Amino acid sequence: MRAVRLSVVTAAATAAALTALTGCTEKSTAEGSDRAIRVTATDSKCEVSKKEFPAGHVEVAVENKGAKVTEVYLLFPDDRIVAERENIGPGTKQTVTAEVKAGDYQIACKPGMTGKGIRQTVKATGGGSVAKRDPRLDQAVAAYREYAQAQADETLPKVKVFTDAVKAGDLEAAKKAYAPSRLGWERTEPVAESFGDIDPKVDVREDGLEDGQKWTGWHRLEKALWQDKKIGAEEKSLADQLVTDLKEWQEKVGTAEITPTSMANGAKELLDEVATGKVTGEEERYSHTDLVDFKGNVEGAQKAYELLKPVASKNDPALAEELDKQFAALNALLDKYRSDKASYEFVSYDKVTENQQKELSDAVNALAEPLSKLAAAVVK
Amino acid sequence: MTDIQGSSPSRRALIGWTGAGLALGAAVAGGAVAAANAGNDVDPAAAEAGGAVEFHGAHQAGVATPVQDRLHFAAFDVKTDDRAEFVQMLKDWTAAARRMTAGQAIGEGAYGGLAEAPPDDTGEALGLKPSRLTLTIGFGPSLFDKFGLRDKRPEALVDLPKFPGDNLDRSRTGGDLCVQACADDPQVAVHAIRNLARIGFGKVAIRWSQLGFGKTSSTTPDAQTPRNLFGFKDGTRNIAGTEEDRLKKFVWVGDGDGPEWMTGGSYLVARRIRMNVETWDRTSLQEQEDVFGRDKREGAPVGRAKEHDEPFLKAMKPDAHVRLAHPDSNDGITILRRGYSFTDGTDGLGRLDAGLFFLAYQRDVRKGFIPLQRRLAAHDALNEYIQHVGSALFAIPPGVRDSGDWWGRTLLSEEA
């Protein structure tokens, strides 16, 4: 995990645009071509050079002549984002490009980057109309949202077991409850991280702290339990805070911005978490419960993939076949590190040899590489 | 999408031009053009353009073709047991190698595709010239335990014996296959290995790799033999890419040498040789020169005036490197060398982690590297200052003939 990750949110912003894309695009020609729509933004106006343009590749060339920083959006009539550009400073120019099919759109300027913006209706002309999103993808998003919520709901009681043990000063019971309390979070980490203010409170490691930031959350308690081997008043109060912070996650998780592509890339990000933090043993450096997190990350990635699979396997059957194979291979490899396939008691990571770490790393790469192609398969 | 980036000449833009570069590569492989008198290792036309070396030919480029300045060498383990999947990866690799050696981005390129998906090409070589990139594949002994290939393992692809003084690190030794990427621009070589590794994920995984700089021998013998990190010229008499007779005799596997699939190929020995540069640097000039059997300034053999003067071996100390390594001391044994210096920073004791990444090609290691190294390992005065820490051996199959051919076809195609 990292201190702040907003990848799901930023992914969401561009994801909608992709639904309008039609395969590989031709990189556009020079600025100022006749396709370009010039937008002159001020603090009170949003003027467009033309209201009609041919469907296909469009460039929205924005000049901010106002005093405030602005942002410009190209929107579908239902407010879904086709393309956007934030942080356009006073006196600067930016170009936003998109592939659009024929239909009505809106261009919105947001001086000060707030509110619904100053809007202009524009029209892309030509044959065809904007493709509707595949309803199966909407189902996938809805199901994933439920999954994320369920994970949060099921996590809170497990966190309570952990924090109650900490508060009771029961070192052994706390150690035992530590890894299980993290599973739901690990399964939905990209969604959890999208609320940038919760992650740094609950899942930051000591080396990830910013100047002046107080170290709170799971890993602070992990260090107390395994390294310092004692529970004091400070730890007890941190246990309470962990519950408070995770309740906020539980309340917010249903509001996360989730799209088919953010799901797909979120799945890949879970493997990135494994590749950078778990495979190296950095994540759980005191408790060595990395393989539990590892498994949680893989399960979360697999859930997102399974939900997207009906569409992905139609658009790119070879990719789906490869993903099935690599998920199975990685899961089989992980099973070697637990005695019972239903159990989440894995071998302590300090007992995993360098050769085994390399084998795990190779298996993660083998899955993560095709998984990085899932987003494209979903929007094809 | 397009590769054209702004107004600077792009890698693809040069392709149209590189008729000259392609012709050169083919000619060197075929031995029709003498590049030996160019004055250095680089053909002037190709160097100016950072041109492309022809990928196709009877032999793989990267063996007898002119040695470039930089190296990224990678050894891979095979992770799949599905032969068809492995063959498909070799075909995918060949297609990518064909494009990269021509200076083109692979697949759909590095930009312009779906914003939410990673590009096919990683992009760090965009705008760079082809830089004479060559990619050379090899198959290690352990590969033949897989895919039912045991009866195709050449007898010459032996397991190297342990030589006295070897201190081999498992994590720098062996491999089911290798790719040698040589280029004049390090970024071009690294880009090539990185992208092949990426295409290979799930099928193969990198076991170890080595970056090299400052070629320590050339295949276009010239006025300036490169120096190694000990400051000495070595391998003055290396086989030139134009010496058809010596290549045929010592480098290329001939008809009847072994399994048919290797005809036109070669065998590659790779050794990571650590140099104890700090102790070497405290060694007197006299001893340094005695150890090599050459003078430091000219590179001339003991008692001679010029580097290329015929050495008088008996004038050298019995344990001098040149004396022991010379063909005359080894029943005429000659190997083609493409070694590179390396330094991977410093070790935990602050010593330069540096040395020679030795790459040698020969028709049969049992008649080439093995007897030679036996002699050197037992007697070479240089051993006090070096240690072999990594080792691998690969069968280098013949060249990819044309655009329909692929790396390893002679070994792995169903017809083969």
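Biologist: Is Gln387(B) buried, exposed or partly exposed?

Modeller: Gln387(B) belongs to strand β9, residues 386-396 of chain B; helices (runs of H or I, at least four residues) and strands (runs of E, at least two) are taken from DSSP and numbered from the N terminus. Buried stands for a relative accessible area under 20%, exposed for over 50%, and partly exposed for what lies in between, with a 1.4 Å probe and protein chains only. Because its relative accessibility is 31%, Gln387(B) counts as partly exposed.

Biologist: What kind of model is this, and which residues count?

Modeller: In this predicted model, local features need pLDDT of at least 70 and side-chain atom pairs count only at pLDDT 80 or more, while totals for chains, interfaces and linings use all residues. Residues are numbered from 1 along each chain as its sequence is written, chains are lettered from A and ligands numbered from 1 in the order in which they are written, and side-chain values use heavy atoms, with hydrogens and water left out.

Biologist: How many residues apart in sequence are Gln387(B) and Asp166(B)?

Modeller: Contact here means heavy atoms within 4.5 Å, and, not counting residues up to four places away in sequence, Gln387(B) touches Gly165(B), Asn167(B), Arg272(B), Ile273(B) and Arg274(B). From C-alpha to C-alpha, Gln387(B) and Asp166(B) lie 6.5 Å apart in space, although their separation in sequence is 221 residues.

Biologist: Which residue has its C-alpha atom 5.2 Å from that of Gly57(B)?

Modeller: Gly57(B) sits in the loop between α3 and β1 of chain B, and it is buried because its relative accessible area is 19%. Apart from neighbours within four places in sequence, Gly57(B) is in contact with Gly399(B), Val400(B) and Arg401(B). The residue whose C-alpha atom is separated from that of Gly57(B) by 5.2 Å, yet stands 342 residues away along the chain, is Gly399(B).

Biologist: Why does Val53(B) count as buried?

Modeller: Val53(B) is also placed in a loop, between α3 (44-49) and β1 (70-78) of chain B. Its C-alpha atom and that of Ala102(B), 49 residues apart along the chain, are separated by 7.3 Å. Val53(B) counts as buried because its relative accessibility is 12%.

Biologist: Which residue of chain B does Gln326(A) touch?

Modeller: Gln326(A) lies in helix α10 of chain A, and at 5% relative accessibility it therefore counts as buried. Not counting residues up to four places away in sequence, Gln326(A) touches Ala366(A), Leu367(A) and, in chain B, Gly202(B).

Biologist: How many charged residues are in the lining of the largest pocket?

Modeller: A pocket is an open set of points on a 1 Å grid over the protein atoms alone, where a 1.4 Å probe fits, with protein on both sides within 12 Å along at least five of seven lines, and lining residues have an atom within 4 Å of a point. The largest one holds about 1,400 Å³ of space, volume being the space filled by probe spheres set on the points, which are joined across faces, edges and corners; of its 39 lining residues, those closest to the centre are Asp316(A), Leu319(A), Pro370(A), Lys373(A) and Asp120(B). Ala, Val, Leu, Ile, Met, Phe, Trp, Tyr, Cys and Pro count as nonpolar, Asp, Glu, Lys and Arg as charged, and the others, Gly among them, as polar. By that division the lining has 19 nonpolar residues and seven polar ones, and the number of charged residues is 13.

Biologist: What percentage of the residues of chain B count as buried?

Modeller: Chain B has 11 helices and nine strands. Among its contacts between residues at least 6 apart in sequence, 79% join residues at least 24 apart. Of its 416 residues, the share that counts as buried is 57%.
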